[in-house]
Amino acid sequence: MSTPLVKLEKVSTGYDSKAVLRDVSLEIHPDDFIGVIGPNGGGKTTLVKVILGILPLFKGRVTFPSGKPKTGYLPQASQIDRTFPISVKELVSAGLKAPNGWFPRLSRKQRQKVNRMLEEAGLENLASKPIGELSGGQLQKAFLCRALINQPQLLILDEPNTYVDKNFEQELYAWLKKLSPDKAIMLISHDIGTITPMVKSIACVNGGLHYHPSNQLTEEVMKVYNCPVDVIAHGPIPHRVLKTHDS
Amino acid sequence: MTELLSIFEYQFFRHAMAAAVLTSILAAMIGTYIVSRKIVFISGGITHASFGGIGMAFYMGLNPFFGAAVFAVLTALGIEWISSRGKVREDSAIAILWSLGMALGIIFVFLTPGYTPNLMSFLFGSILSVGIAELQLLLIFCIFMALFYLVFYRPVVYSAFDPEFSKIMGIPVAFYRYIMAVLIALAIVISIRTVGIILVLSLFTIPQITAMLFTRSFARIIPLAALWGIIGSVAGLYSAYLFDIPTGAAMIFFLTLQFLVIKGIFLIRGLLIRTAA
């Protein structure tokens, strides 16, 4: 077993004095691809904030056994002000961290790095455009570039498929698949069906956290939702079975 | 034409012209941040709260600008603190500070014995009586602000755009936000001299939204907003002289007119392109 990048031990946290997560334990290993699912308001984004270290804990602890990993983060689209006057190039370079935390003007080498990243994402022609002129998919790609440019060991994506069309979603998942061998990925989605085929394990977050070391959706996973969901059955031919509602 | 130039023989007019230009440049640098972060209402609160400091300084026989600066900075820090905690409704808190400042100002001015001759100049500005010391202060602030952006442009913009991500990247977001709050407060107080408390915010917003018709890059909005600010306020200053109307109001009128004309041209152009297609 490899040393985990991040280790959460019996973490409780929330906002003001209201707990959103209770007694949550989780380990993220260097080659993990974890799908985080759960209902809205269940604490998926709160979990991300705990891992990123931007939310104080009520109880428990978060440790980084092999030192704080380089982390790339794609926030939820709703958190972003799309009218802010910032260009795609400026957005992506926000992910470049100078070794001492100082943010001087970009060096030549850093500018080249930004350009290469944009080329990889097929956004090179939009580099100088303000983010407000991009489509939903293009914008998510730009945010993914910002998350990736510092070559993170851990990549956290919070609902990357909101406001994007199906084509882009396929493109995004293909990209993640390509990236997954050499970094830990945590993919948050309320769309349980789409993410399960690609992830290696599933974490269900609904106040607490249930970890499933495989991507098979079981009855236990379903219980977290308490409502009808699309279930993907894994077989030679992928197909969907719609589960009936109990109540 | 000679009449237009002859006014430059007067020192007060040369000073007024310099003040209009420098204030426009300062307002372009600070206002771009205000408009981008959508904190115009916050800045309105800071501006009006500073009147409390002016009133108190009058009453205590101190320099009114000193009083305004203290009140403005404290209000700015207070609002930034309230909004970072996210517990009190921010807009309500601003409204309270806004009107409390005005109320304190009125009370203290009322209590001050005798006539307060400068009061109107704080409310409506008095660019024609700007002295050399004030111009120097404006110039120093402009240079400082330009250097500040030169060094801290990226962390300032990133902290404004996406504070959460910036925090993860190790930028001391709260530090930059508080620094900018203080700079906004001081820039507003210095600019009160030009157009007065009631109108000052328009210098920090109208040239910026005019510039944003042309570009959506923070770095490019600044010089363009400075240019539109200078053109509008100089035109206002001249017309105030020609038609014998109040300078502050004339400047704001021209800045707004300029925005509407340019916006109109853009709308007509868009319409023509659409009908041609």
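In strand 7 of chain A, L187(A) is the bridge partner of G35(A). Strand 3 (residues 33–37) and strand 7 (residues 184–188) of chain A run parallel and are joined by four bridges. Strands are DSSP runs (E, at least two residues), as helices are (H or I, at least four), numbered from the N terminus. This is a predicted model, in which local features need pLDDT of at least 70, side-chain atom pairs count only at pLDDT 80 or more, and totals for chains, interfaces and linings use all residues. Residues are numbered from 1 along each chain as its sequence is written, and chains are lettered from A in the order in which they are written.

**Sheet**
- Six strands of chain A form an open sheet with mixed pairing, in the order 5-6-7-3-8-9; two strands pair if DSSP finds at least two bridges between them.
- Strand 5 (71–74) and strand 9 (208–212) of chain A are at the edges, each with a single partner strand, so one side of each has no neighbour in the sheet.

**Domains**
- Chain A is assigned domain 1 (1–69 + 153–170 + 182–247) and domain 2 (83–152), with bounds from an automatic or database domain assignment.
- Nine residues of domain 1 and six residues of domain 2 of chain A make up the contact between them (C-beta atoms, placed from the backbone, within 7 Å).

**Chains A and B**
- In chain A, 16 residues are in contact with 19 residues of chain B.
- The side of chain A that touches chain B has 11 nonpolar, four polar and one charged residues (Ala, Val, Leu, Ile, Met, Phe, Trp, Tyr, Cys and Pro count as nonpolar, Asp, Glu, Lys and Arg as charged, and the others, Gly among them, as polar).

Methods. Two residues are in contact if their C-beta atoms, placed from the backbone, lie within 7 Å.
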